[in-house]
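Take a look at the chain below.

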Amino acid sequence: MAKKKRRLAARIVRWLVLLLLLGVVALLLWAVWIPKLKQSITTTYDTYTATRGSISNALSFSGSVSVVSSGYMTASGDGAVRTLYVQDGDRVEKGDRLARLSGGETIKAEFAGTVNDVLVEEGDEVRSGAQIVQLVDFTNMKVTMRVDEYDISDVYVGQACQVTFTALEKTFDSTITHINRLSQSAGSVAYYTVTASVEVTDDVLPGMQVSVRIPREEATDAVLLKMDALSFERDNSAYVYTRDEAGELQKTPVEVGVDNGNYVEIKSGLNEGDTVYVEAEADEDSSGGLSGLLSGLMGGGQQQFNPQSGGMPSFGGGSMPDFSSFGGGFGGSDNSGGGRGNRGGTGSGQP
């Protein structure tokens, strides 16, 4: 009976020692890890400066360009081509002579344009209605685009727009000239054909792809700020962070106006040159949080309890604590029993 009591007392002592050691480790972590973790968190800020300028938002569509005036100048009667006054590529004005036939007929340009093709040679016999010269106006063209049902209400005849030729990287001012109000459906969305007139240079050719920008709202000589610098309340009111005279960050309400998705007009709350702060990120430093702390405390993130040192912690080892020095283990029997007392093992040392 006395022997069993001694065994029970030994087990209780071992458990108490273990609990004491765990308590010491917990207190050590609490005392060291929390302050160090706070220091390891670094908050950085992006800065934005309010500038002054003009801003506008716009609708944008893709389209293609085609000629407005194109046609063949023809003979009104039979005859021979006596004289050709033009050749391919010549620019002509309305009424200029193009060719003269043997019967005295003179073929003239019906509109100003460029000679795109001469289809006869001097001396050729032609019949009435024969095509003599193809004339094309490559200067005054039209741009055709499709506008969906959600945007068509913002487009009207006479509206100014800008046409950019993708391949040439050139932009020309233009005007909306026609809206076809009979829709063409694409899936569940209705589209409407819109035409704009544009005067271009000689390097622009029919069929080229274009983008059309139709301005809507505009603000000139305004205070502008990057959209990324804005924050919003639950009621969608905007604010930014600035620094007060003491250098502390403060929330500053702002009134916004026109935006183009990149910059926004600031109607009130900021002046030109004001600096705005936006929290960028919170990064842990090289200590690596909890794992970094354990690494600093225990020499590489692993710990070992050395039996030769009386069970006190030895930092820098490669295994988990080995409590075999305390006897037959936890829940096993001593040497007189049949249980296995060694509960030691290895571990990575990571939390």
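**Loop residues and a strand**

Glu-169 counts as exposed, at 72% relative accessibility. Exposed means over 50% relative accessible area, buried under 20%, and partly exposed in between (1.4 Å probe, protein chains only). The model is predicted: local features need pLDDT of at least 70, side-chain atom pairs count only at pLDDT 80 or more, and totals for chains, interfaces and linings use all residues. Residues are numbered from 1 along each chain as its sequence is written, and side-chain values use heavy atoms, with hydrogens and water left out.

**Positive phi in loops**

- Most residues other than glycine have a negative phi.
- Glu-169 is not a glycine, yet its phi is positive, near 55°.
- Glu-169 sits in the loop between S12 and S13. Strands are DSSP runs (E, at least two residues), numbered from the N terminus.
- Asn-236 also is not a glycine and has a positive phi of about 75°.
- Asn-236 lies in the loop between strand S17 (231–232) and strand S18 (238–243).
- Asn-236 is exposed, with a relative accessible area of 59%.

**The two faces of S12**

- In a regular strand the side chains alternate between the two faces of the sheet.
- S12 covers residues 160–165. Cys-161, Val-163 and Phe-165 point to one face and are buried.

**Partners of S12**

- Strands pair if DSSP finds at least two bridges between them.
- S12 runs antiparallel to S13 (residues 170–179), joined by six bridges.
- Cys-161 has Ser-174 in S13 as its bridge partner.
- Four residues separate S12 and S13, which form a hairpin.
- S12 also pairs with S16 (residues 209–226), antiparallel, over four bridges.
- Ser-211 in S16 stands opposite Thr-164.
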